[in-house]
Amino acid sequence: MPLGGLWKGKLPVLGGNLDLTISVIPLAGGKYFAALDVPAQKVSRMVTEVTVRGDSVLLWMPAAGSRYAARLDTVRRELNGVWTQAGVKSAVRLLHSPMPSVTGQGTRLAPPYREEEVVFNNPSARLNFAGMLTVPAGPGPFPAVVMVSDIGAQDRDGTVGNYHLMGSLADYLTRRGIAVLRYDDRGVGQSGGSTSAATTAMLVSDVQAAVNFLRARLEININRIGVLGHGEGANVALLAAGQPLPPAFVVALAGYGLPGEQTLLQQLVDEQRAKKVAPLEIQAAYERKRTMYDIIRQTNPPQSQAIVSNILRQDQPTLEPQAAQAAAAQLLTPWRRYFLSFDPIADLDQVRCPVLLLSGTDDAEAPADLHLVALEKELKSVNHNVTVKRLPGVNHLFQPPKTEWTLMNGEMKPLFSPVAQETIREWLVSLDAKKQPTSKADH
């Protein structure tokens, strides 16, 4: 019997017993991810370290100072051992049950917090946005974050295949006392507008509308509302922080630090190198793409579409004229025309709130050596409350190395880096401990 699954039992305490559950998920590298839940003590998803040697299993909960040393009985499907906490030792038996399936409809477990479908309005853009507000259990008021997605039309969960970047992080933070508002991008789900027609600058007003929505909620601490953005969303969050009535803090995940055109050209080069394309061919592709971007930025749309269509057909002789026109139109959206000229560090001198800059060392979309360095240098020149961290092995989607992914039914499933999650949580907690100023007005 594998160790993966739910282990349930009762922990003896003065006056009775406490129900507890330990969830154990096998990881691809032969290790385990585990979490402890004790509902009566409001313990939810407490990180649990797992050590296995033969039939000996050691579970260690650092946050609680608890240790459980047990023997695994594969016949009876149970763990038998001693639970030690604060010097008190208790005999505990845990029974195994399979992890509930979450692949079918109607099988999702109810989380230990409140979920509310919400709609908020951006009056300047005359658009409504549909989203999800998750609020921790209890009366509040709670600190809160607004989540902002990366480039492209994305739903509130930041869904990429079977990976949900925003949804996973929102769940983690809400379980730990932080309310989260995440919303569908323009033109996605029930949100109005169009992503391709909205420039990076226009998206700032969407964030401001989301923050103002939270400011009107009784269960939210009005002085502790921040913005957490990923990729382009990190840049949007920083732009919002430079405006009047800024958020209390910004968490920038893999933000872009180079100008838009340079970012897209660098991504092209990196993709070609990954495919082991010859250097001369990479250089030729780079020059053609740079010429195309210059044309897009500096000519009017009708001219641009004709020229770009011609370039595409020269690169791909079998491409039909109508298909080339359609492909050119996709390259000439208002978003792209703006992004090519976008300088993400131009207005960072206006940002005074606390900022956490996070990037992964395996980020191929926004390499930390280029983008993180540029953001850090500019922000720190005017802001003394900037924290910068690079996370080993983490990619642009904030996934850890595949050896740390979960194994479900023999298949590896991506997950949000646990180290990144905890880094974000610790930083947010530290803000309250330091009692940092929350706006430019405090400086």
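1. Helices α4 (260–274) and α5 (residues 279–298) pack at about 155 degrees, their axes 10 Å apart. They therefore count as roughly antiparallel (an angle over 145 degrees). Axes are lines fitted to C-alpha atoms, for helices over the stretch in contact, and angles run from 0 to 180 degrees between N-to-C directions. Helices here are DSSP runs of H or I with at least four residues, strands runs of E with at least two, numbered from the N terminus.

2. This is a predicted model, in which local features need pLDDT of at least 70, side-chain atom pairs count only at pLDDT 80 or more, and totals for chains, interfaces and linings use all residues. Residues are numbered from 1 along each chain as its sequence is written, and side-chain values use heavy atoms, with hydrogens and water left out.

3. Residues of α4 including Leu-264, Leu-265 and Leu-268 take part in the contact with α5, whose residues there include Ile-282, Ala-285 and Tyr-286. Contact means heavy atoms within 4.5 Å.

4. Tyr-256 lies in the loop between β16 (250–253) and α4. With a relative accessibility of 3%, Tyr-256 is buried (under 20% relative accessible area, 1.4 Å probe, protein chains only). The C-alpha atoms of Tyr-256 and Pro-401 are 22 Å apart, with the two residues 145 apart along the chain.

5. Elsewhere, 8 strands form a closed barrel in the order β1-β2-β3-β4-β5-β6-β7-β8, with antiparallel pairing; two strands pair if DSSP finds at least two bridges between them. From one strand to the next, the twist averages 30 degrees. Strands β1 (residues 5–13) and β2 (residues 16–26) are antiparallel and joined by 9 bridges. Lys-10 has Asp-19 in β2 as its bridge partner.

Note on methods. Buried < 20%, exposed > 50% of the residue type's maximum accessible area, 1.4 Å probe, protein only. Parallel < 35°, antiparallel > 145°, perpendicular 65-115°, else oblique.
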